[in-house]
Amino acid sequence: ALLTSSAFAGDAVIAKPIAVEDVWVVFKTHFDIGYNATVAQILAKYRGPMIDNALKVIEANRVLPAEKRFAWTIPGWPLQYIAGPDQTPERRAQILQAFKEGALAVHAAPFTLHTESLDLEDLVRGLHFSAQLARDNGLPLPRSAKMTDVPEHARIMPTLLKHAGIDFLHIGCNPASAYPQFPQLFRWEGPDGSQVLTAYTRDYGNGIIPPKNWPAKNYLAMIMTGDNHGPPTAAEVESIRQAAAQHLPGVRIHFGTLDDFLKAIEAEQPDLPVVRGDTPDTWIHGLLSMPVETKLARGIRPLEPALDSLDTHLRAYGLAPGPLAPALAKAYEQSLLFGEHTWGFSGGFTGGFRY
């Protein structure tokens, strides 16, 4: 999986193959919340041993030139907990230092979502976690997002992302799922005409060797580890470098972020197909396994912006209602978590249940 890439994403054929000159290697683990452990156990793993392992690889790579250093990409919601006030002061300082120097990177999405299940305000507010982390640390806002496992997302996403300043979306399908017949790299157009560069792979990610029909000089090698597995080891990262040197002579290899790849594609401006179709979510069946909770979520979500509007009007009239923003933000966060893509435990989960 680390070396090879499928020729097609879906069954769409790329008509204009171009020789690849630069490969952009991005490392990430797939974040599942409540799948192979409880939520509390998963967050504890990310806050402790998982981030420690990442920091070890980052430290080992600091002696290398910048373009060869390991960087680990994390979604916004777990990173706020990894680097949050419950973290130990010493580890938090290391995490923020790695974040500021680019060795830890946040992408724009909070985690993988069932986008069809959520209201627009949920989706927009879900971008806040990554944006706030960037603002708090004096970094540019992330311009790329990643979704993994869920094969399809609603066509509103290009419109929503583009208007939020996000210009690239990577979708990595669960390899056991059916997939839409997308090109590997294309411009996805929303209903208002907004376009977002989109990459689609039939697995969580892909390998370092570009397929023969890749349509650009710049290629994204999305190196993924499995569900909550954590970062690769220093030895595994080194094996990627060695494999690249062996199999891609003459090709420039860059270790970095999704935004690095986006900037390279923007500079290249390849001729890419435009996709205007919608893709209904075939993974969304989890919602109907919890009909009572789904009904509750659908009933509450329209009330949240109504409450926000009422609060604004009351203040405009000179009244002084109590502070709403913290409680409303928490309500939106809980709504977003209900739309996170993980439904139920893995068949191999043995942690037991408490009711």
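**Aromatic rings and their surroundings**

Modeller: The structure holds 13 aromatic pairs. Rings of Phe, Tyr and Trp (its six-membered ring) pair if their centres lie within 6.5 Å; planes under 30 degrees apart count as stacked, over 60 as edge-to-face and the rest as tilted. Phe31 and Phe111 make one of these pairs, and this pair is stacked. Their centres are 6.5 Å apart, with 25° between the planes. Phe31 belongs to the loop between β1 (22–30) and α1 (39–61). Phe111 belongs to the loop between β3 (104–106) and α4 (120–125). The pair therefore ties together parts that are 80 residues apart in sequence. Helices (H or I, at least four residues) and strands (E, at least two) are DSSP runs, numbered from the N terminus.

This is a predicted model: local features need pLDDT of at least 70, side-chain atom pairs count only at pLDDT 80 or more, and totals for chains, interfaces and linings use all residues. Residues are numbered from 1 along each chain as its sequence is written, and side-chain values use heavy atoms, with hydrogens and water left out.

Now burial (buried is under 20% relative accessible area, exposed over 50%, partly exposed in between; 1.4 Å probe, protein chains only). Phe31 is buried at 2% relative accessible area. Phe111 is buried too, at 1%.

Take Trp77 next. This residue is part of helix α2. Trp77 counts as buried, with 3% relative accessibility. Setting aside residues up to four places away in sequence, Trp77 touches Phe31, Ile33, Leu43, Pro110, Phe111, Phe129, Glu333 and Leu337. The C-alpha atom of Trp77 is 9.7 Å from that of Ala108, which lies 31 residues away along the chain.

On to helix α3, residues 89–100. The expected span of a helix is 1.5 Å times one less than its number of residues. For the 12 residues of α3 that gives 16 Å, and the end C-alpha atoms are 16 Å apart, which agrees. Arg91, Ile95, Leu96, Ala98 and Phe99 are the buried residues here. These residues cover an arc of only 160° around the axis, which puts them on the same side of α3. That arc is taken from the directions from the helix axis to the C-beta atoms. The face turned away from the buried side carries the exposed residues Pro89 and Glu90. Among the elements that cover the buried residues of α3 are α1, α2 (76–82), β3 and α5 (128–136). Just after α3, Gly102 has a positive phi of about 90°.

Further along, Asp122 lies in helix α4. Asp122 is buried, with a relative accessible area of 2%. Beyond its neighbours within four places in sequence, Asp122 is in contact with Arg301, Glu304, Tyr332, Ser335 and Leu336.

Two backbone angles deserve a look. Asn228 has phi near 55°, a positive value in a residue other than glycine. Asn228 lies in the loop between β8 (218–227) and α7 (234–247), and is buried at 1% relative accessibility. Gln269 also has a positive phi near 55°, and is likewise not a glycine. Gln269 lies in the loop between α8 (258–268) and β10 (274–275). Gln269 counts as exposed, at 65% relative accessibility.

Now the whole chain. The protein chain has 11 helices and 10 strands. Its radius of gyration is 21 Å, close to the 20 Å that the globule rule gives for 355 residues, so the chain is as compact as a globular protein of that length. The radius is taken over C-alpha atoms, and the rule is 2.2 Å times the number of residues to the power 0.38. Along the principal axes, the C-alpha atoms fill a box of roughly 70 × 50 × 45 Å. Buried residues make up 52% of the 355. Of the contacts with a separation of 6 or more, 81% join residues 24 or more positions apart.

Last, confidence (pLDDT is the predictor's confidence in each residue, from 0 to 100). The chain averages a pLDDT of 91, and 92% of the residues score at least 70. Residues 1–8 stay under 50, with 29 contacts beyond four places in sequence in the model. Residues 11–15 are also below 50, and that stretch has 10 contacts beyond near neighbours in sequence. Where pLDDT is low, the predicted coordinates should not be read in detail.

Conventions
Contact = heavy atoms within 4.5 Å.
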